[in-house]
Amino acid sequence: MSTLYSFMCGSLSGTCSTLLFQPLDLVKTRLQTLQSGVQPGSGRVGMVSVLLSVVRTERLLGLWKGVSPSFVRTIPGVGIYFSTYYSLKQHFIQDRRPAALEAVLLGGGARTVAGVVMLPVTVIKTRFECGRYSYGSVMGALRSVCQAEGPAALFSGLMATLLRDVPFSGIYVMFYSQTKASLPKGKSPAAPVANFSCGVLAGVLASLITQPADVVKTHVQVNPQLKTLEAIRYIYMEHGLLGFFRGAVPRSLRRTMMAAMAWTVYEQMMARIGLKS
């Protein structure tokens with residue numbers, strides 16, 4: 001029953017954070033999939049210019065394009081992540097605070113399960129956001145991909161996704177748990193703010209470390225004919241080393257704020273129902 005509670009708490013926290021920060025994810029995807037003729041260092045292309053371009057051409061609600069597959073992915077995905085994390089923690093560590101390596105394994109293990117299960121929706125979400133495909137709905141997109149490219153296309157970018165998400169989650173949980181351990185013990189009205197601050201710090205570090213894998217993942221999922229190694233070669237040949245950090249600012253902002261909010265809401269809800277997160 002406690003695993004179900006952790007699933008529900010995680011799903012609700014993921015819903016709130018996804019709705020708030022979806023525009024940053026869309027801007028990040030557009031930056032990463034710019035045509036090679038546009039030079040990212042030219043001063044004409046950046047987070048603000050992409051943001052304004054989307055608002056001009058697709059109106060304000062265009063910033064939430066892809067929010068439907070994001071919800072379909074996040075509501076069960078974050079729930080699966082937190083319930084898996086809770087189950088692993090209760091089984092292997094129980095009530096003590098995990099050590100640094102244990103935190104990495106807990107976060108990475110939980111993310112592996114959630115990432116594999118939700119990958120088909122992640123592929124659809126990325127295609128919705130990039131602006132190159134004109135899908136009418138999530139189910140229509142799933143049907144279109146299966147008919148045109150086969151079901152295997154729904155798992156394109158699996159390796160790049162795991163190379164991005166598993167280290168991110170492992171590094172994030174390690175930094176988050178270790179930073180929280182340095183805070184004063186005991187209940188405090190400022191505890192949610194302190195937890196959120198720890199989450200922001202952990203998110204920035206984890207985002208920057210895993211940014212290259214995110215760029216590769218986006219290219220593979222938008223161009224299904226590319227394999228992971230081919231995508232790495234293509235990005236390097238077209239944009240150099242800096243190409244692996246395209247979209248770093250919006251992604252860092254989004255991943256950091258989403259993770260910090262999700263963990264803060266999750267831990268507060270778990271505490272309210274009397275469970276140790």
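Helix α9 gives the most to the lining of the largest cavity, with 7 residues. Helices here are DSSP runs of H or I, at least four residues long, numbered from the N terminus. This is a predicted model, in which local features need pLDDT of at least 70 and side-chain atom pairs count only at pLDDT 80 or more, while totals for chains, interfaces and linings use all residues. Residues are numbered from 1 along each chain as its sequence is written, and side-chain values use heavy atoms, with hydrogens and water left out.

Back to the cavity. The structure holds 1 cavity of 30 Å³ or more, and about 520 Å³ of space lies in the largest cavity. A cavity is a set of points, on a 1 Å grid over the protein atoms alone, where a 1.4 Å probe fits but cannot get out; lining residues have an atom within 4 Å of a point. Grid points are joined across faces, edges and corners, and the volume is the space filled by probe spheres set on the points.

By class, the lining has 11 nonpolar, 8 polar and 12 charged residues. Charged means Asp, Glu, Lys and Arg; nonpolar means Ala, Val, Leu, Ile, Met, Phe, Trp, Tyr, Cys and Pro; the others, Gly among them, are polar.

Now the chain as a whole. The chain has 9 helices and 0 strands. With 277 residues, a compact globule would have a radius of gyration near 19 Å, and the chain agrees, at 19 Å. That radius is taken over C-alpha atoms, and the globule rule is 2.2 Å times the number of residues to the power 0.38. Along the principal axes, the C-alpha atoms fill a box of roughly 55 × 40 × 35 Å. Of the 277 residues, 48% count as buried; that is under 20% relative accessible area, with exposed over 50% and partly exposed in between (1.4 Å probe, protein chains only).

Next, the packing. The largest nonpolar core has 28 residues, and those with the most contacts inside it are Tyr81, Phe82, Tyr172, Trp263 and Tyr266. At least two residues of this core come from each of α3, α4, α6, α7 and α9. A second, separate core of 8 residues includes Ala160, Val215, Leu226 and Ile235. A core here is a set of buried Ala, Val, Leu, Ile, Met, Phe, Trp, Tyr and Cys residues joined through side-chain atoms within 4.5 Å.

Last, some single residues. Arg59 lies in the loop between α2 (47-58) and α3, and has a phi near 65 degrees, a positive value in a residue other than glycine. Most residues other than glycine have a negative phi. Is Arg59 buried or exposed? Arg59 is exposed, with a relative accessible area of 68%. Pro212, in helix α7, counts as partly exposed at 25% relative accessibility.

Note on methods:
1 Å grid on protein atoms, 1.4 Å probe; cavity = no way out; pocket = protein on both sides within 12 Å on 5 of 7 lines; lining within 4 Å.
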